[in-house]
Amino acid sequence: MGQPRWAGWAAGCALMLVCVGAQAAGSGVDPGTPWWVWPLALFFACFLMGIVAVPAGIGGGTLFVPIVGSFFPFHLDFVRGAGLLVALASALAAGPVLLRSGLASLRLALPLAVLASASSIGGALLGLAMPARLVQGLLGGLVLAIVALMLVSRKSEFPQVDKPDALSHALRLHGVFVDGATGRTVSWQVHRTPAGMALFLGIGVLAGMFGIGAGWANVPVLNLLMGAPVKVAAGTSGVVLSLVDSSAAWVYLNQGAVLPMIAVPSIVGMMAGARIGARLLNVLRASVVRRLVIGVLLFAGTRALLKALAIWP
Amino acid sequence: MNTSAQAVRPDEQDAAQLRYAGLLDRLTWIGLALLICSFALYVSGWLPSRLPPQRLAELWGLPVSEFVARADMPTGWAWLGMAHRADMSGLVGIAVLAGCSVPCLLALVPSYLRRGDRAMAWLCLAEAVVVVVAASGLIHAGH
């Protein structure tokens, strides 16, 4: 098992090196640096993020904004615009597969997505209207909160839902899927739908404001609060993301905050890395990669906070 | 939660979900292909750009409002009239990705209504309206 552990560390250390290198080059602001260095570095960093994101069990979008926003020379407005598109493209690419397999439920996703999409527009407007330093500070706080959530959160594979609530019953929020691990057919239903919908309103604001993929929040709400099986929660979270990030992305696009020069290398790098990460899923030690990603996020979150406080500009 | 060994039979709701998945799949790949082709045109310099990469690199550290003013970049849908420029053409693929859920959702409305599932039909319509309102450019913010 030495090689998989070594491979996980190598990917994480390479990501850290790219971040530190980008930070050093960016803070130096050498006008002689050719422009193509940055999209290339971005592609490489996103490729590494894509590799580690899958085994770490978080979306690449969650890594993108804190890391690129903290260590690359782009303004946070453009990083958030690109972050939304990275999360959107990943969710759109995975969505059809998840929907076909039954691991995602459109019926469960839609009521939550309508509220979160509407609130994500408000979040995006708010984020673009706020001073960059305030957004940077809040982002640092959010990233550190995500780290805490990753450390303490537990998952329930098949939560017990004895009786659906009235809204869940009316909307028929239930379904079946075949669990690939056991080959069994699992039927599920959800409860506490109004509370879940209220939380998705808040999640939408955060997604729009920070351009950060919200899978880290979607999955616990769907799984631990509403009682969807963890695989259905993860799959449905992707479909919700594909709808929520669409709305927020339009706000950034209309403001001129989406630059293809930043978005395209990020999307392509992340998707290529995620394909490698998915293949390495059974080889890499997920616990090692997860610890490493927590370390990188801790570093990026602290860096964002210190940048906002002008302690580490 | 209930488990059993029987196979999953696709019911009518699954059919709607499968239809949505099929449409979304096609539009996503069209959007990604457009995105990559337009980016290749941009960085290769085959097509003229409104903002050449060298100049962009001097300005991407500015807040978006200042960037738009300094580079005289379009906001709202004005970029569409400049889509023949390499840098603006990249936004076509991005617009396809950001808007592809709308036709997929609208395609489901008639089938949900035919089945009498008005709640799902309304939810599809509501989500499509939210994305269209966001895309309209009618709502905006500023520093």
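In this predicted model, helix α8 (residues 193–210) of chain A and α10(A) cross with right-handed geometry. Their axes come within 9 Å, and the crossing angle is roughly 40°. The two helices α8(A) and α10(A) are therefore oblique to each other, since an angle would have to fall under 35 degrees to count as roughly parallel. On the α8(A) side the contact involves Gly204(A), Ala207(A) and Gly208(A), which meet Val244(A), Asp245(A), Ala248(A) and Val251(A) of α10(A). By class, the residues of this contact divide into four nonpolar, two polar and one charged.

Read from the N terminus, the elements of chain A follow the order α-α-α-α-α-α-α-β-β-α-α-α-α-α. Chain A has 313 residues, and buried residues make up 62% of them. Among its contacts between residues at least 6 apart in sequence, 84% join residues at least 24 apart.

Most residues other than glycine have a negative phi. Arg172(A), which is not a glycine, has a positive phi of about 55°. Arg172(A) is located in the loop between α7 and β1 of chain A. With 15 other C-beta atoms within 10 Å, Arg172(A) is partly exposed, because that count lies between the limit of 12 or fewer for exposed residues and that of 20 or more for buried ones. Arg192(A) likewise has a positive phi of about 55° although it is not a glycine. The loop that holds Arg192(A) runs between β2 and α8 of chain A, the latter being the helix (residues 193–210) that packs on α10(A). Arg192(A) has 19 other C-beta atoms within 10 Å and is therefore partly exposed.

Ala41(A) belongs to helix α2 (residues 37–56) of chain A. It has 21 C-beta neighbours inside 10 Å and so counts as buried. Between the C-alpha atoms of Ala41(A) and Lys155(A) the separation is 35 Å, and the two residues are 114 apart along the chain.

The second chain can be described in the same terms. Chain B has six helices and one strand, and from the N terminus on its elements run β-α-α-α-α-α-α. Of its 143 residues, 35% count as buried. Among contacts in chain B between residues at least 6 apart in sequence, 69% join residues at least 24 apart.

Attention now turns to the contact between the chains. In chain A, 64 residues are in contact with 61 residues of chain B. The elements that give two or more residues to the chain A side are α4, α5 (106–129), α7 (166–171), β1 (174–178), β2 (185–189), α10 (230–255) and α11 (260–279). Of the elements on this side, α5(A) gives the most, with twelve residues. The chain A side that touches chain B comprises 47 nonpolar, 13 polar and four charged residues.

One helix pair across this interface can be followed in detail. Two packed helices are described by the angle between their axes and the distance between the axes. Helix α4 (residues 76–101) of chain A packs against helix α4 (residues 86–99) of chain B at an angle of about 60°, and their axes are 10 Å apart. This angle makes α4(A) oblique to α4(B). The crossing of α4(A) and α4(B) is left-handed. Leu85(A), Leu88(A), Ala89(A) and Leu92(A) of α4(A) make this contact with Ile94(B), Leu97(B) and Ala98(B) of α4(B). By class, the contact of α4(A) with α4(B) has seven nonpolar residues, with no polar and no charged ones.

Note on methods. Residues numbered from 1 in each chain as written. Chains lettered and ligands numbered in written order. Predicted model: local features only at pLDDT ≥ 70, side-chain atom pairs only at ≥ 80, totals over all residues. Helix = DSSP H or I, 4+ residues; strand = E, 2+ residues; numbered from the N terminus. Contact = placed C-beta atoms within 7 Å. Axes fitted to C-alpha atoms, helices over the stretch in contact; angles between N-to-C directions. Parallel < 35°, antiparallel > 145°, perpendicular 65-115°, else oblique. Left-handed = near helix turned anticlockwise from the far one by under 90°. Nonpolar A, V, L, I, M, F, W, Y, C, P; charged D, E, K, R; others polar.
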